[in-house]
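Here are my notes on the model you sent.

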Amino acid sequence: MPSRLQEAAKMYETLKTDFAKKTPDLEKCSLHLRNLKIALTQLKFLPSDKNSYSDQEFVLARNVLEIGAQLSIRKKDIPAFERYMSQLKCYYLDYVTEVGIFESPYKQELLGLNLLCLLAQNRVADFHTELERLPAADIQNNEYIKHPVAIEQYLMEGNYNKLFLAKGNVPAESYNFFIDILLGTIRDEIAACMEKSYKNILFSEALRMLYFEDQAEMNNYATKKGWKLESDKCFHFNTSKQNDDVRSLPSGDLAQQMIDYARELEMII
Amino acid sequence: MHITSAAGVISLLDEPDDELQVYALNRLNDIVPEFWPEISDHVEKIEVLYENEAFKHREISALLASKLYYYLGSYEDSLNYALCAGSAFNVKESSEYVVTTICKCIDHYTKLRQQAHDAKADGDMKPDIDSRLEEIVNRMFNNCLESGQFKQAIGIAIETKRLDILEKAIRLTPNLSEMLSYCTNLCTRMLQHKGLREDILRLLVRLHSNLDPTTTGATSQPDYINICQCLIYLDDPASVSDILRKLIRGDQDQISLAYQIAFDLYDSASQHFLSDIVQALKAGTTPETTTTQTDETDAQVEEKAPPKPVAESQSDKVLRDCTDRLARILGGDESIELHLQFYIRNNHTDLQILKNTKDQVRNSVCHNACVIANGFMHCGTTIDQFLRDNLEWLARATNWAKFSATASLGVIHKGHENDSLNLMSTYLPKDSTGGSAYQEGGGLYALGLIHANHGKGKITDYLHAQLSSASNEIIIHGGCLGLGLASLGTANHDVYELLKSNLYQDDAVTGEAAGLSMGLVMMGSNNPQALEDMVAYAQETQHEKIIRGLAVGIALVMYGRMEEADSLIETLMRDKDPILRRCAVYTIAMAYVGSGSNKANRKLLHVAVSDVNNDVRRAAVESLGFILFRTPEQCPSVVSLLSESYNPHVRYGAAMALGISCAGTGSKDALGLLEPLASDSVNYVRQGALIASAMILIQHTDSTCPKLKTFKELYRKVINDKHEDVMAKFGAILAQGIIDGGGRNVTLSMQSRTGHVNMSAVVGMLVFCQFWYWFPLSHFLSLTFTPAAIIGLNAELKMPKMEFRSNARPSTFAYPSPLEEKKGRETEKVETAVLSTTAKQKAKDIKKEKRKASTSSTAVTPATGSRPPTVEEKMELDETEAKLAKKETPAQGEPSMEVEQSTTPKEKETEKEKEKEKEKPEASFEMISNPCRAIPPQLKVISMPEDSKYTSLKPLSHGGIILLKYKKSSEPEDLLEPVAAGGPKKEEVEEGDEPEPPEPFEFVE
């Protein structure tokens, strides 16, 4: 067992150096990572009982997972990131209380990232569940956590302006990836609202509302959405299309049903 | 270390690498009991993994999926995946999951096998059985066999109809013979499916006959007695006769064994079966089939003495003798003769009981009951003294009562076959007119009762002739019943046709008897022609009586046919006529008699609570008793609710069901239910409860059933109470008759000693229940009486003088002591003496007397105690203190009274002590001489004395007729002289006079 551990530790070292390079070879890293994970399964990976594991193994596994998480961000691979996170959470939240192991320097950053990741996918419920598990002090004071919490607040308030400003002061570079996704999501939201609210809208107005910096981006977005720029410099939305969804309530049937229930209730009594 | 979420592990499932996924699956398998709610969200992922053919560890994922579904409560899916898991599913694990899944597995497998079995029977396509399922079940079997749990394996093997496993399990068992008898038991008692039962029995027979000498030790001889029992179930007379033929060619022991088997066969098998064996035997051994009675006796003499020179070689001669003797045994002649001897020798009827009852009888119903009760009490003893002593009283019986009274002679002389015609001659129809039709009809019925289930040749012919020439409807009624009884279950075509022609006269009185008797003749035959005739006529006729007779008849035809009766039952059940619906109910009772079938029970219970007709409901509840009589402990719980029904008919039915199913068991539960019913507000419910309690308590003593005394007291009270209803009195009188039936030597049992359903006993019970409509039918109960006897026989089928050892205190199983004459008057006194005021007064007296007491205590009667002495005490007194007892005899009968009047508590104390002292020296065992009464609980403690000159061929605990082997062949044997019928008292009466009869009494109309 120890030999396996050493082997894995060695692999981890190479991975770490590779990954620490300025422009790491992502493919090579993921290959390393894959081998490492397999090596980990030979050790005590994600244990569920108290005995027979060592701090060393524990830390090693955690470090590997952290690199994995960061690597998947680099590779813009969200599912992989989530996988690493859910594994890491065991290490961060379950084991840490019982083991006297120093906290990982990446812990807060990754947890924050995870929150942001959830927000970016509009999984607000999951976001709050995650938040529940974090200590209140961290939520209020920690740089990494505070940021996604604030973002969530803006989002809920509909304070989209602030959101776009928040992009400027991310706590870590890796956050940008999710912020971009988030902004894209918000843009979609706004666009959907616009479709419902306006019959037509001026190009310049749309540009402003969607927080686009330049017209080219706006044009791209419009074609993606299938908006057509008419000759009057306006986007025209087809309102009739949306009305199809609105079905009339089957009020007669409902009323009838209610009356039947009432009658039956009376009979029972 | 404790994780709060399985999310981490679950996420590993999404990893692209197989290794990681496998790791995750293994981990999840470990933590699934705790995290199944979380993991179950991802069950599709796991399923996908399983479905992925390329994935190398599909079995683990199947196991995980199975566990998840198990926790989710979806057992079918769980089972399915468990099967897919193959070897990953460890049957030896003791977790809840594995245990439950294996149970489901076996259940499922059983169901499938059942379906497959049914499908095969119907000729349909067989549903496939998952080979993986079979695999798991097989693994389970192997586990059982490896760990020595053979009985479990056998149980499941039978359940799943896996005969291969069954055979394997039996072969592997260390104690083979025990296991074989266990299996036989299982088969005959538990198994309800006829076809399967036959398959298993055939297997058992094969195993029995191949008993490997190396495993069983010295006794390499197959267990013929058990084989023959199996063969009876298989209805295979040919094999039985082969065995018998083989045995009688052997040495003396084997010949004795053959006789023993023959006796057992007569006890258990149907007439049809027996006659087939006899035919096969005769055809196989002797060229000339006719041997006369004289030959028979000659042969017996010869066997003992050195053989005379005869024409044929000696071995042939011996062979022929044996065959003849076997034929006689199988024909029942020997058994009936022996039982008759037993009854006569051991008669313990207490005429005083009858006398007391007689004095209380005020009306015709009770009179009738008293005559019937007399019949029961003297059933088979041939003692008709009571009737002769009370001719004048008897003459009060008129019309049908006279019919019944005459028929009761048949009950008394049951089995007294040699002289039956002589005996009954006065009552039988004569050419010259003038006899009373009721008397003559009763006489014919009596003949039938004497020859019940054993009326070959002469008697059937005689009855046949009488019936065809009779013109009076009452004589025909008696004739029909008699003929039906005599040719019970023979399916004799001539007899059937004659009865049918009587039925078609469309006369109510004739038709009723004819319809019933047609059923008796065709009993258990499932003859389609007969059924069609009977059902069609029942639907056509206007006479309710005829339909009633036919209803019972139809039920009898379906006796023991189980599933084959289902379609008929369905049709009848839908009939408008309540009597035919009742017929359907009886048909269920007969077809599934003793099977304990759940299906039948369910149907009956449904009818019992849903039919609109009271008679049908009553019959349905009664019928439960027939279905359950093999498992009497079940019946009380089944009918306990019904016994509290608002409907008195249902309550009556519940009482009778208890009586029928628990007959002779003394079941405490049953008596507990009957007690309140015996004081029910409705008269006929009380009647039923009284009769049922007697049926349960028959052949019990105070020590085997403490309730006995209360009930006996109750019967007397009901009979003596002037204000009691006639119906209840009728019940109480019959109850007294039943409880002391057959000279206190019979018990009620619908199964033979070997556990076969006793056909004639079942008929007797069913028809007895019809006394509700027709009192004379109550005589049928005599068919259900079976002797509680051990009769030892030597190789020449004679009763030798010898003794059995009963390893219990003699008092435990003693006969009740006889009543004393002045009983009635004195019990009244007792009642007044117990009043509380007198008690107080007495307390004062006691104080006064105390002083005197010490001096006078020596004069005290020894036969008294503070409580009325139990039978045992009295009995034991009789034995140990014969002298004293003789002096005090007058006091013995009415002890309670004596107590109250002449003894003070102080004296009582000393008395008690005295008695205790006497109790101690009482022997812990008792020697009882052959032939002896041995009531069922006593059989367990009976053994052969060590110094006996005989050894028994089969365990004594079976009871009945047992062949003995004489150990000291050098000394001559001491034999018992046969006693003349009519009772030992009249030994001076010559044999020729014997049937000397109750005839002189003439009925005065």
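**Notes on salt bridges and cavities**

1. Arg388(B) is partly exposed, at 25% relative accessibility. This is a predicted model. The side chain of Arg388(B) forms a salt bridge with Asp384(B), at 2.6 Å from N to O. Asp384(B), by contrast, is buried, with a relative accessible area of 2%.

2. Glu544(B) and Arg548(B) are also joined by a salt bridge, at 3.8 Å from N to O. The two residues lie four apart in helix α32 of chain B, so about one helical turn separates them. Arg548(B) is buried, with a relative accessible area of 14%.

3. Arg548(B) also lines the second largest cavity, together with residues including Glu512(B), Gln770(B) and Trp774(B). This cavity has a volume of about 80 Å³. Helix α32(B) gives the most to its lining, with three residues. By class, the lining has five nonpolar, two polar and two charged residues.

4. The largest cavity holds about 90 Å³ of space. Among the residues lining it are Leu697(B), His700(B), Asp740(B) and Arg933(B). Its lining divides into five nonpolar, three polar and four charged residues. The whole structure has seven cavities of 30 Å³ or more.

5. Over all chains there are 22 salt bridges. One of them pairs Arg574(B) with Glu570(B), at 3.7 Å from N to O. Arg574(B) is exposed, at 63% relative accessibility, and Glu570(B) is partly exposed, at 35%. In chain A, Glu82(A), Arg123(A) and Asp126(A) form one network through salt bridges that share partners.

Notes
Residues are numbered from 1 along each chain as its sequence is written. Chains are lettered from A and ligands numbered from 1 in the order in which they are written. This is a predicted model: local features need pLDDT of at least 70, side-chain atom pairs count only at pLDDT 80 or more; totals for chains, interfaces and linings use all residues. Side-chain values use heavy atoms; hydrogens and water are left out. On a 1 Å grid over the protein atoms alone, a cavity is a set of points where a 1.4 Å probe fits but cannot get out, and a pocket is an open set with protein on both sides within 12 Å along at least five of seven lines; lining residues have an atom within 4 Å of a point. Grid points are joined across faces, edges and corners, and a volume is the space filled by probe spheres set on the points. Ala, Val, Leu, Ile, Met, Phe, Trp, Tyr, Cys and Pro count as nonpolar, Asp, Glu, Lys and Arg as charged, and the others, Gly among them, as polar. A salt bridge is a side-chain nitrogen of Lys or Arg within 4 Å of a carboxyl oxygen of Asp or Glu. Buried means under 20% relative accessible area, exposed over 50%, partly exposed in between (1.4 Å probe, protein chains only).
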